[in-house]
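Me: I would like to learn how to read a few features of this structure. Could you take me through them one at a time?

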Amino acid sequence: MSKPDELLVDIAALVESGQSNQMSLTVVTGGAVITGRLAPEAVWRQRVSEVLTDSARLGEFSAVFGTPAKKNGPPTHLHFHVARILQGTVGIPETGGMYRVAIEDVSAWTMGDFSYSDH
């Protein structure tokens, strides 16, 4: 098990404490590049719960995400919204998705998010 990047943990803690969703970040984890905005875990869980509630097939999972997270110590995960996995010249999904990434699994990161342009 690797030791989480303390600076990244501090950034996640600031996002959590400020209840802000404006911090853009790009990470490399497991060979994937994920880019988007960070959200506090409670906000992220609420949004995932809403999406699942609206699903005819997945609605029963909504309650799992509606449960508040247990807070013990510093953040262990980054919660991305409006995020994309970068693959070649496209971001998947185009409209952005919801991703949860373990901080200890991040091998590289940078501030800001990446987007592609044909111009």
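Me: How many residues of the lining of the largest cavity are nonpolar, polar and charged?

Reply: A cavity is a set of points on a 1 Å grid over the protein atoms alone where a 1.4 Å probe fits but cannot get out, and lining residues have an atom within 4 Å of a point. Ala, Val, Leu, Ile, Met, Phe, Trp, Tyr, Cys and Pro count as nonpolar, Asp, Glu, Lys and Arg as charged, and the others, Gly among them, as polar. Here the lining divides into five nonpolar, two polar and one charged. Its residues are Ala 12, Val 15, Glu 16, Leu 38, Ala 39, His 77, Leu 78 and His 79.

Keep in mind that this is a predicted model, where local features need pLDDT of at least 70, side-chain atom pairs count only at pLDDT 80 or more, and totals for chains, interfaces and linings use all residues. Residues are numbered from 1 along each chain as its sequence is written, and side-chain values use heavy atoms, with hydrogens and water left out.

Me: What volume does the largest cavity have?

Reply: A volume is the space filled by probe spheres set on the grid points, which are joined across faces, edges and corners. For the largest cavity this is about 50 Å³.

Me: Which residues have the most contacts inside the largest nonpolar core?

Reply: In soluble globular proteins, nonpolar side chains tend to be buried together. A nonpolar core is a set of buried Ala, Val, Leu, Ile, Met, Phe, Trp, Tyr and Cys residues joined through side-chain atoms within 4.5 Å; buried means under 20% relative accessible area with a 1.4 Å probe, protein chains only. The largest core has 16 residues, and Leu 25, Val 27, Ile 34, Leu 38, Leu 78 and Phe 80 have the most contacts inside it. Helix H1 (6-18) and strands S1, S2 (32-38), S3 (77-87) and S4 (90-102) each give two or more residues. H1 gives the most, with five. Helices (H or I, at least four residues) and strands (E, at least two) are DSSP runs, numbered from the N terminus.

Me: Is Ser 24 buried or exposed?

Reply: Ser 24, in strand S1 (residues 24-29), is buried, because its relative accessible area is 18%.

Definitions and conventions: Buried means under 20% relative accessible area, exposed over 50%, partly exposed in between (1.4 Å probe, protein chains only). On a 1 Å grid over the protein atoms alone, a cavity is a set of points where a 1.4 Å probe fits but cannot get out, and a pocket is an open set with protein on both sides within 12 Å along at least five of seven lines; lining residues have an atom within 4 Å of a point.
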